[in-house]
Amino acid sequence: MYSDFGQILLFIIVAIAIIGAILIANKIIRPNLPNEEKLTTYESGEDPVGNANVQFNARFYVVALVFVLFEVELLFLFPWATVFGRPELIAQTNGRWGWFALGEMLIFVGILSLGLAYAWVKGYLDWIRPEPKKPDYALKIPKDLYQKINQKYSTHR
Amino acid sequence: MDTASWIIKALIIVGVFAVTLLIATYSTLAERKIAGFMQDRLGPDRAGPFGVFQPLADAVKMFFKEDFIPAQANKWLFIAGPCLSMLTALMTSAVIPFGDTIRYEEQTIAVQGVELNVGILYVFGIVSLGVYGLMIGGWASNNKFSLLGAVRAASQNISYEIALGLSIIAIIMSAGSLSLRDIVNQQHGFAWNIFYQPVGFIIFVTCAFAECNRTPFDLPECETELVGGYHTEYSSMKLGFYLFSEYINMFISSLVVSTLYLGGFNYPGMDWVYAKLTALAGDTTGHNLATLIGFLALFFKGLFGVFFFMWVRWTVPRFRFDQLMDLGWKALFPLAILNIFFTGAGEMLGYHGFTWIIVGIMTILAATNAVKAPPRKMYPADV
Amino acid sequence: MEFIDRIFSTQSLFWFLSFLTILSALMVVTSKSPVYSVLYLILTFFCLSGHYIILNAQFLAFVNIIVYAGAIMVLFLFVIMFLNMKEDEAETSPTLIRTLATGTAIVLGVTLVLAFSTVKVAAFNPMAFDSQVGMVKNLGSVLFREYLLPFELASVLFLIAMVGAVMLGRREAGDRHF
């Protein structure tokens with residue numbers, strides 16, 4: 001069993017070797033003529049304004065925290081899923097094991113889902129939704145002309 | 001260990017990497033050809049017949065491009081980002097069971113990099129590390145577009161990872177094993193998991209799209225809003241690494257989907273083919289030929305998966321960020337939990353396809369919603 | 001071949017991993033930039049997973065990678081990269097902190113050394129060793145039969161943590177959208 005992981009290690013080593021070889025080959029081949037203009041940060045052709053390290057809303061952080069908790073829950077489910085349907089355990093308990101296991105997981109996930117429901121009800125899972133603005137141009141074209149065109153091209157569908 | 005087993009190991013590693021890299025290289029051509037087909041144009045056709053040398057030309061271009069690291073950037077992390085991305089993409093292929101076994105001089109060799117009895121956890125672990133490449137690269141660039149791309153990548157990946165894991169749980173409940181080879185062997189013939197786990201399949205595929213950052217989930221690199229997203233500042237082979245790792249991820253995730261839901265190297269009528277081949281060509285050769293056919297079957301599924309990725313790219317428009325988070329947290333996540341309970345109840349009652357009930361309910365809900373929805377109005381008419 | 005075998009033997013791997021673990025753990029503490037610290041911490045967790053694998057606790061190894069290296073470190077990176085922590089002006093004098101830290105470290109170190117010197121490690125019996133003990137299935141049957149109550153109580157802990165997280169991220173008027 002342990003030698004399998006040795007092979008994983010080999011895989012990682014070979015992958016690193018491939019990446020390193022490509023990078024080194026690239027380094028040898030490519031031209032390197034830096035100048036100040038090239039090395040500026042890209043900002044749509046303008047001179048960059050300030051530093052990019054701006055502060056983000058803490059809401060991203062809350063999502064990450066909730067994610068960590070559910071990830072741990074998920075990892076508890078992995079061993080559960082392997083023992084849940086085992087025939088010998090079911091046979092030992094006259095078929096009660098499966099329902100029992102399902103029940104205990106229901107309680108576990110149910111309690112955690114309460115947390116999700118709390119966040120949901122309180123609106124922490126809601127993200128700012130862009131409100132489409134209706135443009136109010138002073139159109140010289142009468143609106144019924146659009147209507148006519150729309151109808152013309154939608155009728156033969 | 002003796003020399004022969006070392007050689008076999010080396011051959012397997014080289015073979016797995018060669019196959020993955022080759023497929024990823026030609027996926028770039030396929031992407032452009034399929035895009036061309038969908039948009040009624042030719043796609044690349046100058047380099048060689050039908051443009052078959054286009055990937056080579058692209059690679060040469062990548063190698064010869066000048067590479068610069070912005071003065072504001074964090075140099076080492078700027079280099080580490082794409083390398084990590086590439087490394088995590090390459091590592092997943094190690095545990096995929098590509099085929100049954102090959103018999104060669106009294107030895108039985110599994111067509112697989114490594115057989116782990118926690119194979120699916122390995123895949124899941126590497127997927128959870130995949131976000132670092134984008135985060136580090138985007139942050140190290142010290143560019144506003146890159147930073148926004150990195151934030152988006154991170155929050156998108158973590159939002160879809162849980163639903164992904166929960167849909168894997170439903171598979172393990174019926175398989176009772178975390179080994180990918182066991183899961184494949186249980187789908188012998190045509191007993192594929194997709195027929196028992198339709199909801200899990202849909203959730204898994206959606207999450208795979210999100211984890212690969214493919215359209216409709218390509219917000220981290222969305223060119224209409226963020227120029228190039230997390231790889232705005234990258235050029236030359238480092239950009240190549242980012243793009244290449246996306247194609248590798250695409251192929252690998254198609255293979256994982258095939259392994260978990262579409263029977264892996266199993267195909268209908270495989271027992272009949274096996275019996276015929278062993279009768280025709282003898283035990284050893286027949287077995288090896290049958291393995292080859294299974295390998296091709298898996299390959300076909302994987303390539304179809306890659307095609308599906310590209311098909312969706314030109315069919316479904318990109319999500320908005322709030323839609324993306326809503327889909328992950330409010331739709332897929334509860335649905336995945338529901339799926340687990342239906343699977344469990346189904347296993348207990350002896351109905352393996354119990355989750356079809358969810359599909360039925362969802363279809364009815366969607367249909368009633370569609371009927372109830374107000375008719376669409378066209379733009380200037382409702383001003 | 002003999003040579004390659006020796007390179008990949010458990011012994012040499014153990015020493016290599018231990019060396020790497022301690023080195024990266026030291027780098028966590030000594031790095032100036034917090035981002036580097038987090039990255040070295042990820043490497044440390046990786047090496048620890050390697051140790052778990054050598055101990056044949058495969059499930060634990062991957063849990064360590066997924067939860068610690070994958071989830072918690074993403075959270076850390078999030079905080080460090082995207083919350084833009086301004087370098088706080090030191091409110092207390094650095095010498096005071098240094099003296100206190102050194103004192104605590106010495107006390108802790110002495111305690112640890114004393115504690116470990118009195119502990120008797122049970123003799124290892126290779127015959128009674130069950131290599132399957134770290135496998136997922138055994139873990140599952142022990143966890144869900146003998147340790148059921150702690151397991152269920154863990155969910156209450158998670159619930160509290162989640163409510164706390166939600167309270168922390170309370171939305172305030174005039175918040176920015178990103």
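Axes are lines fitted to C-alpha atoms, for helices over the stretch in contact, and their angles run from 0 to 180 degrees between N-to-C directions. The model shown in every view is predicted.

**Figure 1. Packing of helices H7 and H9 in chain B.** The axes of H7(B) and H9(B) come within 11 Å and cross at roughly 170°. Because angles over 145 degrees count as roughly antiparallel, H7(B) and H9(B) are described as roughly antiparallel to each other. On the H7(B) side, the residues that meet H9(B) are Phe201(B), Phe204(B), Val205(B) and Ala208(B). Their counterparts in H9(B) are Ser253(B), Val257(B), Leu260(B) and Tyr261(B). By class, this contact has seven nonpolar residues, one polar residue and no charged residues.

**Figure 2. Backbone of chain B at Ser236(B) and Asp40(B).** Ser236(B) has a positive phi of about 55° although it is not a glycine. Ser236(B) is placed in helix H9, residues 236-261, of chain B. Asp40(B), also not a glycine, has a positive phi of about 60°. The loop that holds Asp40(B) runs between helix H1 (3-38) and helix H2 (54-64) of chain B. Is each residue buried or exposed? Ser236(B) has 21 C-beta neighbours inside 10 Å and therefore counts as buried. Asp40(B) has 6 other C-beta atoms within 10 Å, so Asp40(B) is exposed.

Figure 3. The bond from Thr215(B) to Pro216(B) is cis, and its omega is near 0°. Pro216(B) belongs to the loop between helix H7 (198-211) and helix H8 (223-226) of chain B.

**Figure 4. The largest nonpolar core.** This core has 171 residues. Those with the most contacts inside the core are Val66(A), Met135(B), Ala163(B) and Ile169(B). Helix H5 of chain B, residues 144-175, gives the most to the core, with 20 residues. Leaving aside residues up to four places away in sequence, Val66(A) touches Ala119(A) in chain A, and Met162(C) and Ala165(C) in chain C.

**Figure 5. The contact between chains A and B.** On chain A, 60 residues are in contact with 60 residues of chain B. The elements that give two or more residues to the side of chain A that touches chain B are helix H1 (2-29), helix H2 (59-84), helix H4 (96-121) and helix H5 (143-155) of chain A. H1(A) supplies the largest share of this side, 16 residues. By class, the side of chain A that touches chain B has 40 nonpolar, 11 polar and nine charged residues.

**Figure 6. Chain A.** Chain A contains five helices and zero strands. Its pattern, read along the sequence, is α-α-α-α-α. Of the 157 residues in chain A, 27% are buried.

**Figure 7. Chain B.** Chain B contains 13 helices and two strands. Its C-alpha trace spans about 70 × 60 × 40 Å along the principal axes. Buried residues make up 51% of chain B. Among contacts in chain B between residues at least 6 apart in sequence, 77% join residues at least 24 apart.

Definitions and conventions: Residues numbered from 1 in each chain as written. Chains lettered and ligands numbered in written order. Predicted model: local features only at pLDDT ≥ 70, side-chain atom pairs only at ≥ 80, totals over all residues. Core = buried A, V, L, I, M, F, W, Y, C linked by C-beta atoms within 7 Å. Buried ≥ 20, exposed ≤ 12 C-beta atoms within 10 Å, placed from the backbone. Helix = DSSP H or I, 4+ residues; strand = E, 2+ residues; numbered from the N terminus. Contact = placed C-beta atoms within 7 Å. Nonpolar A, V, L, I, M, F, W, Y, C, P; charged D, E, K, R; others polar. Parallel < 35°, antiparallel > 145°, perpendicular 65-115°, else oblique.
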